[in-house]
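Try each task before reading its solution.

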Amino acid sequence: SRVSSINYNQFTKIHVCDAESHFRYDNHFIIKAMARRYGTAKISLLANTKEKYTRIKTPKFFVHDSYAHLSDKLDSLASNLKDKGTEYFHLVRNEFPEDNKFDACIQKLIYPYSYMDSFEKFSEPIPGPDAFYNDL
């Protein structure tokens, strides 16, 4: 499970968290922590099964599985679309007109999960190849 974004909605005063594929994992630890904080009456769940949740909502947080509505893995869907032609990625092309940056955006890339252990590292330049070894 990976958190792809957390946003604060200033109108609803709720933190919205998109968690990629979190429904595939046991989320009891999240539910228990939220229950201790808010009480069970203030937690709303949308579940596929007793242990697989697609949405968890409390007075301050809304955790949503961003992949729950997709028919396949995002990588597969993007590959299928790319096979039809890169013209389908016109919004990405507008944002990244240089070919090397555009190509990097429309393919699955490696990510230095072990290296990225703090928010400060997001401000650093892209690390060298040694940082991309993953010991997870």
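Buried means under 20% relative accessible area, exposed means over 50%, and partly exposed lies in between (1.4 Å probe, protein chains only). This is a predicted model, where local features need pLDDT of at least 70, side-chain atom pairs count only at pLDDT 80 or more, and totals for chains, interfaces and linings use all residues. Residues are numbered from 1 along each chain as its sequence is written, and side-chain values use heavy atoms, leaving out hydrogens and water.

**Exercise 1.** Find the salt bridge partner of Asp117 and classify both residues by accessibility.

Step 1: a salt bridge needs a side-chain nitrogen of Lys or Arg within 4 Å of a carboxyl oxygen of Asp or Glu. Step 2: Lys121 is the partner, with the closest N and O atoms 3.1 Å apart. Step 3: Lys121 has 19% relative accessibility, so this residue counts as buried, whereas Asp117, at 57%, is exposed.

**Exercise 2.** Which ring does Lys121 lie over?

Step 1: a charge sits over a ring if NZ of Lys or CZ of Arg is within 6 Å of the ring centre and within 35 degrees of the ring normal. Step 2: Lys121 lies over the face of Tyr115, at 4.2 Å from the ring centre.

**Exercise 3.** Repeat both searches for Arg93.

Step 1: Arg93 meets Asp99 in a salt bridge, at 3.0 Å from N to O. Step 2: Arg93 also lies over the face of Phe102, 3.9 Å from the ring centre. Step 3: Arg93 is partly exposed at 29%, and Asp99 is exposed at 51%.
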